[in-house]
Amino acid sequence: MSKILTFQDVNYSYFSKNGETKAVQNLNFSVENGEFLGIVGPSGCGKTTILSLSAGLLLSSSGTVFVEDTPIKSPSKDIGYMLQHDELFEWRKVIDNVLLGPEITKNKKNLKPKAIELLTKYGLKDFVYKYPSELSGGMRQRVALIRTLLLNPKILLLDEPFSALDFQTRLAVCNDVKQIISEEKMTALFVTHDISEAISMCDRIIVLSPRPTTVKKIFKLDFPNNLTPLERREQPIFSEYFNKIWQEIQT
């Protein structure tokens, strides 16, 4: 498989009146095309910083982040970013929220038919012309994901996108999001503090060290093909992965 996102000897420091704080140190990893890669680690280790570097919102102090063979030097249309909250505008109908990306980027293609097609495909046919307040939390997250996918990014960044949902809704939305990403053949980089969530969705999981963060260990998850996140949680090996990853984070 080809590499679509690569961190090569990446370092990043924050500067304040109190001096320099090293956040990332000699970070090396890659995301394969079509892969769902998870990142976990101790609180405050720099998980969201890594997503910001991937998105071009931050630039490394040294080293390089590549999309395919191109160094990332600014925000790029090749990167889609799904945040912790759905960030839907309450005064815009669902279809208008989904079309916000093309509107901002001044994309001249008529993407409305594609937007309606995606909304219909993923169970939102009856809500195309509704307002966000009429949607459940899970539906709102599906709309947010479809809004991101409409611009056809090469890689999707997920920053704890289920953290605002209650536990039962999170389980259902994990299934929805994994299904959509798989069916659309997307590549995803997923940051979460929830180890179980990462195991239920990812192909591999990177465990980060405390700050300044680097790769501590990488786990390749070996589940039967085509299991849903909920079905993965029922596999005997699930708890084994959880215990191993938890131990890595704690030591």
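Is Phe-190 buried or exposed? Phe-190 is buried, at 0% relative accessibility. Here buried means under 20% relative accessible area, exposed means over 50%, and partly exposed lies in between (1.4 Å probe, protein chains only).

This is a predicted model, in which local features need pLDDT of at least 70, side-chain atom pairs count only at pLDDT 80 or more, and totals for chains, interfaces and linings use all residues. Residues are numbered from 1 along each chain as its sequence is written, and side-chain values use heavy atoms, with hydrogens and water left out.

## Aromatic pairs

The model holds five aromatic pairs. Phe-36 and Phe-190 make an edge-to-face pair, 5.8 Å centre to centre with 80 degrees between the planes. Rings of Phe, Tyr and Trp (its six-membered ring) pair if their centres lie within 6.5 Å; planes under 30 degrees apart count as stacked, over 60 as edge-to-face and the rest as tilted. This pair links distant parts of the chain: Phe-36 is in strand 3 (residues 36-40) and Phe-190 in strand 8 (residues 188-191), 154 residues apart. Helices (H or I, at least four residues) and strands (E, at least two) are DSSP runs, numbered from the N terminus. Phe-36 is buried too, at 3% relative accessibility.

Phe-223 and Tyr-241 form a tilted pair, with 5.6 Å between centres and 55 degrees between planes. Phe-223 lies in the loop between strand 10 (215-220) and helix 8 (229-233), and Tyr-241 in helix 9 (residues 236-250), so the pair ties together parts 18 residues apart in sequence. Phe-223 is buried at 7% relative accessibility. Tyr-241 is buried at 8%.

The charged end of Lys-178 sits over the ring of Phe-36, 5.5 Å from its centre. For this, NZ of Lys or CZ of Arg must be within 6 Å of the ring centre and within 35 degrees of the ring normal.

## Salt bridges

There are 13 salt bridges. Each one is a side-chain nitrogen of Lys or Arg within 4 Å of a carboxyl oxygen of Asp or Glu. The table gives some of them.

| Residue | Partner | N to O distance |
|---|---|---|
| Glu-68 | Lys-154 | 2.8 Å |
| Lys-77 | Asp-78 | 3.8 Å |
| Glu-117 | Lys-114 | 4.0 Å |

What does the bridge between Glu-68 and Lys-154 tie together? Glu-68 lies in the loop between strand 4 (62-67) and strand 5 (70-71), and Lys-154 in the loop between helix 5 (137-149) and strand 7 (155-159), so the pair ties together parts 86 residues apart in sequence. Glu-68 is partly exposed at 38%, and Lys-154 is partly exposed at 33%.

Lys-77 is exposed at 71% relative accessible area, whereas Asp-78 is buried at 19%. Glu-117 and Lys-114 are three residues apart in helix 4 (residues 112-121), separated by about one helical turn. Glu-117 is partly exposed at 46%. Lys-114 is partly exposed at 35%. Salt bridges that share partners also join Asp-86, Glu-90 and Arg-140 into one network.

In soluble globular proteins, nonpolar side chains tend to be buried together. The largest nonpolar core here has 49 residues, and those with the most contacts inside it are Leu-119, Ile-181, Ile-199 and Ile-245. Helix 5 gives the largest share of this core, six residues. A second, separate core has 27 residues, including Phe-7, Leu-37, Cys-45 and Ile-79. A nonpolar core is a set of buried Ala, Val, Leu, Ile, Met, Phe, Trp, Tyr and Cys residues joined through side-chain atoms within 4.5 Å.

Ile-181 touches Phe-36, Leu-145, Leu-156, Leu-158, Met-186 and Ala-188, not counting residues up to four places away in sequence. Contact means heavy atoms within 4.5 Å.

## A buried arginine

Arg-204 lies in strand 9 (residues 204-208). Arg-204 is buried, with a relative accessible area of 17%. Its side chain reaches the backbone oxygen of Ser-30 at 2.9 Å. Among the residues that Arg-204 touches are Val-31, Glu-35, Phe-36 and Ile-218.

## Backbone details

A cis peptide bond joins Arg-211 and Pro-212, with omega about 0 degrees. Pro-212 sits in the loop between strand 9 and strand 10.

Lys-185 is not a glycine, yet its phi is positive, near 55 degrees. Lys-185 is in the loop between helix 6 (167-183) and strand 8, and is exposed at 71%. Asn-226 also has a positive phi, about 65 degrees. Asn-226 is in the loop between strand 10 and helix 8, and is exposed at 76%.

Key: Polar contact = N/O pair within 3.5 Å; in protein donor to acceptor, adjacent residues only side chain to side chain.
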